[in-house]
Amino acid sequence: MESQAVVFTGPNTVKFQSITSADPGPDDVVVDVHHSWISNGTEGSFLRGERLSGDVAWKPGDPAPFPRVAGYQKVGRVREVGSAVSRFTPGDWVFASMSRVTGTIENQFAGHVSPAVCSQGAVMLLPAGLDPVAYAGLVLTQVGFNCGSRSPVTPGSTAVVIGDGLVGQWAGQTLVQRGARVVMVGRHPDRLARFSRHGDTVLAREDLGVAGVRAAVKAPVHILVETVGSADTLRAHLPQMARGGHMVIAGFYRPAGSVNLQSALECFRNYEISFDLVSGATAARLEETLAWVAAGRLDTLGCITHRFPVERAAEAWDLINTKREAVLGVVLDWPAARHLS
């Protein structure tokens, strides 16, 4: 099947081009995509050639991680279904994650492609009520929800979220909904302003936000969520953690040679810190995240700063990389959506 896709053809090179999708089988759903949401951090890491797949970092001697169909999340309408599919019918509004394409590396990790051939397990029916674009970043929204759901929250709990990107925004929103007082630490005043209606914010400077958090929180911190991949930040904020506190780690950490685990964890052991490592998505978490978005408990539309026609995906990535404008959530609009307007 011929499709159109956003393809990373080499380091920092983005093309919108024709590709070949796998022929749909009995368990597949074919989706005409209306909107796909860029995952700035993960996709940016793939675009720079830093990863082979998922959280597997590229190392010298590995094959080049290109070409690759970018992304992993979109919404659209069902075009056709396979003979074994009973949960969806043509015309349904759905969220879809990965798709099957040919001729690229890791050929099931494909999001920005239409029509998209998806296993029915990668497709979810959208509820009525919200603009479907609200669900276009559902996998990434689910990562933030996962980050904010892991820690025990009791009355008076204080949480610090490191990172003002999309994962940090949704992790912070989730913790607020669960009853925590949240302080977000970031480097972008515009992004921090978006979170300010949910909690406190600290602009990180040379000390990684430590002094700002100390001034904002005059008591021990019970929860720290790290979304930017900075081990230095974990150590810098450790002295403010309550004994028996909890850290959630969601950042992507590049290889740094051999690690002595006992030595690396010793300082955290002295505070009796517990950890959760979050990665990927599960069907149950996606369903729960979708329900939170539908109920208004997580705000996704308010995180969108830019929308581009998919044909201009390279311009979208130039904006993300240069940050010549304040940018957070970036959505690509496909021809199928324009045909409805």
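A salt bridge is a side-chain nitrogen of Lys or Arg within 4 Å of a carboxyl oxygen of Asp or Glu. This is a predicted model, in which local features need pLDDT of at least 70 and side-chain atom pairs count only at pLDDT 80 or more, while totals for chains, interfaces and linings use all residues. Residues are numbered from 1 along each chain as its sequence is written, and side-chain values use heavy atoms, with hydrogens and water left out.

**View A. Salt bridge between Arg312 and Glu315.** The closest N and O atoms of the two residues are 3.2 Å apart. Arg312 is partly exposed, at a relative accessible area of 36% (buried means under 20%, exposed over 50%, partly exposed in between; 1.4 Å probe, protein chains only). Glu315 is likewise partly exposed, at 37%.

**View B. Salt bridge between Arg150 and Asp276.** The N to O distance is 2.9 Å. Arg150 lies in the loop between H2 and strand S13 (158-162) and Asp276 in strand S18 (residues 274-277), so the pair ties together parts 126 residues apart in sequence. Helices (H or I, at least four residues) and strands (E, at least two) are DSSP runs, numbered from the N terminus.

**View C. The largest nonpolar core.** This core, a set of buried Ala, Val, Leu, Ile, Met, Phe, Trp, Tyr and Cys residues joined through side-chain atoms within 4.5 Å, has 80 residues. Phe8 and Val69 are among those with the most contacts inside it. Helix H2 (residues 138-149) gives the most to the core, with six residues.
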